[in-house]
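This report goes through a protein structure topic by topic. Please look at the sequence and the model before reading on.

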Number of protein chains: 2
Amino acid sequence: MQDHRVVVVGGGFGGVQVVNDLKGAPVRITMIDRRNHHLFQPLLYQVATTLLATSEIAWPIRNFFRDRPEVTTLLAEVVGVDSEAHQVLLKNGQRIPYDTLVLATGATHAYFGHDEWEPVAPGLKTLEDATTIRRRVLLAFEQAEMETDPAIREALLTFVIVGAGPTGVELAGIISELARTTLPKEFRNIDTSKAKIILVEAGPRVLAAFAEDLSDYARRELESHGVALRFGKPVTSCTAQGVTIGDVFVPCRTIVWAAGVEASPAAKWLDIPADRAGRAVVDKDLRAPGKGDVFVIGDTAAVMRDDGSPVPGIAPAAKQQGAYVAKVIKAKLAGKPTPGPFHYRHQGSLATIGKSAAIIDFGWLKLRGWLAWWVWGLAHIYFLIGVRWRIAVAWSWLWIYISRQHSARLITQKETMREE
Amino acid sequence: MQDHRVVVVGGGFGGVQVVNDLKGAPVRITMIDRRNHHLFQPLLYQVATTLLATSEIAWPIRNFFRDRPEVTTLLAEVVGVDSEAHQVLLKNGQRIPYDTLVLATGATHAYFGHDEWEPVAPGLKTLEDATTIRRRVLLAFEQAEMETDPAIREALLTFVIVGAGPTGVELAGIISELARTTLPKEFRNIDTSKAKIILVEAGPRVLAAFAEDLSDYARRELESHGVALRFGKPVTSCTAQGVTIGDVFVPCRTIVWAAGVEASPAAKWLDIPADRAGRAVVDKDLRAPGKGDVFVIGDTAAVMRDDGSPVPGIAPAAKQQGAYVAKVIKAKLAGKPTPGPFHYRHQGSLATIGKSAAIIDFGWLKLRGWLAWWVWGLAHIYFLIGVRWRIAVAWSWLWIYISRQHSARLITQKETMREE
């Protein structure tokens, strides 16, 4: 009898967990991703803000499975699923057959019907997004140093971040730190510490997923870091000249989009129902409804907690789902009864605001301030895959902490938008 | 009396040395570069071959001068010099006045009249060049893993490096190491250790600048690393399908150009004579002939040794020239006699072939093998600017040495060429 063929699409937290946990099972696995690297997305904003280098948070996916001869890794783009024929369709026309399919294809940023904003207001989901934002932020200071028109200079020194979830808060906090701590001594014609960092949130408060007192602390910390907050009004327009908040126009040259998320098209590939954000609505055991051999996990699946609230789109949730699916597959192959439905265990919520400020909500424990910041840092170093990167990131952070100098301040690639 | 205005164009080894050595002099300095970073070019090939990350060998230029309020750093592109008006012309139309001008604008790769080869045979001068080569090398293995046609697969697994100077030798050695040591366990459909790495040299031997016995050792080392050598025939054509060496066509999908160098247009800006490679022919004190307040140094200047042979285009030569020019400027401002003509002191030639193999020629001492490799490594770590990077690079190398795993294997940016 041939080994059972498992195809996993997506080398993020969920997909990698499935493959890891299938170790030793009588399966042949094909891992497909359109990128060659797994990305430690929770730290992506640190690349965007010059704290970490790209290779500190990304690793070749195939390297994870070098000692697993039953795992084949393919760099390829999936464009559909033929669930009748049990095949995954690749962009190059090839078809990859499966006995069990796991779709863990993640999500991307969404502009609520305003995709035309993307060129001027990039989101933060890929390494290129991060280096694009890094380049724009650094170029804005460089151009302000050369600029003679005070109005344009002010627009160059205005940075608008849309969305006050964890990513928006983290970006605003560190861009402010960059402007106020790292850069002032390096410019002669401008005072970078006068840069305006504006965080826009359509809702009433920052970090709405956290308890109100923690959210309130985060707001005060942001304000003390010099971040200006605008609540209650949505962004109604983004252009190369600036952003309109409600009906107020703010001239600025750098906009970062941290507001919306849209699932990858897994639900469309399977032709199954999706929620408003495009997430595939799955059964309680994470199977696609009516397709017993297809699982959908992570940010591209709409999974509910026992209380009916949605499982959050964070790394631990994707990993738990990956581990669960591996268990289901192994049970089936061993002829054992299927485990019960998937239960999400929320381990806690963490967010940083800037140097020495963070909030943590473990449910049984709420923390804020410098202690929370250290716990956050140690937790993230611990969860980084591989000894080398843990040490490399720890060293980078330690150096920044001591020297107050950001290390990865590179402007690379051509930026056509900014070339006049 | 106003301070003397020195404008330095180019933040490479030569330009940075000028600014460093003018510390304390009664000058106001403007440093202009079209990139925001100084690049440690001798290690650029290690970024191209996944050994180091971009931010390990590049640093924001303005960061060097943060504690020098008399130094203004501008990110701008110089397009000409008005030596009558004593002004540097920027692309954006601005003019920067100078009392003394230092042009240290470097060189780029040259295709001997075949600029149409550049898209298929990138050279290695900038960070983007390095990530482009890295992406192409890694993508070739990825595509070979997916490819079903054996002829195309073989072309994908053939890597041609044109030019057997230090850069070509280093690239060939490490790409071979990548294919034979790092990657084999990660692919299932191809044997990466069967990849062909071909080093093409129109002349009769590798590393022609070295003594013949060292060159011969380098050749044997390359061959034992699995690099195929082709001597005595020039490349006559480069296309997306392959390379023609003399009149023999070799199908391949990855070509790296390490053959020719062309100076930046400093001589044209000044309207002074240049040599065949476009280098400005300067006086014995590195001044542009007939323009007593303009110096040209580094790779964009043709400087002769006392024996009439050219000063090599390497970092120590640029630094010595930068230090000399700073001395001349300081002497003039202090009303002291001008130092004698510039003398180049050759400190030695170093080149690596791959792990544990290098050659060193100090003149009074010739070294080869693992000891030379360690000396090479320590010398390069020593010359890296800044404590942090020294430690970071040392750590990266130590890790690679122990684990045999290259760390920076990221495929980023869109590669239109390879998208079918």
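## A first pair of side chains

A salt bridge is a side-chain nitrogen of Lys or Arg within 4 Å of a carboxyl oxygen of Asp or Glu. Arg68(A) is buried, because its relative accessible area is 7%, while Glu70(A) is partly exposed at 21%. Buried means under 20% relative accessible area, exposed means over 50%, and partly exposed is in between (1.4 Å probe, protein chains only).

## The model and its confidence

This is a predicted model, in which local features need pLDDT of at least 70 and side-chain atom pairs count only at pLDDT 80 or more, while totals for chains, interfaces and linings use all residues. Residues are numbered from 1 along each chain as its sequence is written, chains are lettered from A and ligands numbered from 1 in the order in which they are written, and side-chain values use heavy atoms, with hydrogens and water left out.

The model scores ipTM 0.89 and pTM 0.91. In chain A the mean pLDDT (the predictor's confidence in each residue, from 0 to 100) is 91, and 95% of the residues reach 70 or more. Over residues 415–420 of chain A, pLDDT is below 50. Beyond near neighbours in sequence, that stretch has 13 contacts in the model, a contact being heavy atoms within 4.5 Å.

Over all chains, the whole structure holds 32 salt bridges. Lys185(A) and Asp67(B) form one of them, at 2.4 Å from N to O. This pair crosses between chains: Lys185(A) is in the loop between α6 (166–182) and β12 (196–201) of chain A, and Asp67(B) is in the loop between α3 (61–64) and β5 (71–75) of chain B. Helices (H or I, at least four residues) and strands (E, at least two) are DSSP runs, numbered from the N terminus. Lys185(A) counts as partly exposed because its relative accessibility is 42%; Asp67(B), at 51%, is exposed.

Within chain A, Arg279(A) and Asp275(A) also meet in a salt bridge, at 3.1 Å from N to O. Salt bridges that share partners join Asp216(A), Arg219(A), Arg220(A) and Glu223(A) into one network.

## A nonpolar patch on chain A

Trp370(A), Leu371(A), Trp374(A), Leu398(A), Tyr401(A) and Ile402(A) form a nonpolar patch on the surface, with about 640 Å² of accessible area together. Helices α10 (370–383) and α11 (387–403) of chain A each give two or more residues to the patch. Patches are made of residues with over 30% relative accessible area and no salt bridge; like charges are joined within 9 Å, and nonpolar side chains (Val, Leu, Ile, Met, Phe, Trp, Tyr) within 5 Å. Accessible areas come from the Shrake-Rupley method with a 1.4 Å probe, and for residues only the protein chains shown count as cover. Trp370(A) is in helix α10 and counts as exposed because its relative accessibility is 58%.

## Buried parts of chain B

In helix α1 (residues 13–21) of chain B, 7 of the 9 residues are buried, so the helix is largely enclosed by the rest of the structure. Among the buried residues are Phe13(B), Gln17(B) and Val19(B).

Leu124(B) is in the loop between β10 (107–110) and α4 (127–146) of chain B, and at 12% relative accessibility it counts as buried. Leu124(B) and Thr167(B) are 43 residues apart in sequence and 8.4 Å apart in space, C-alpha to C-alpha.
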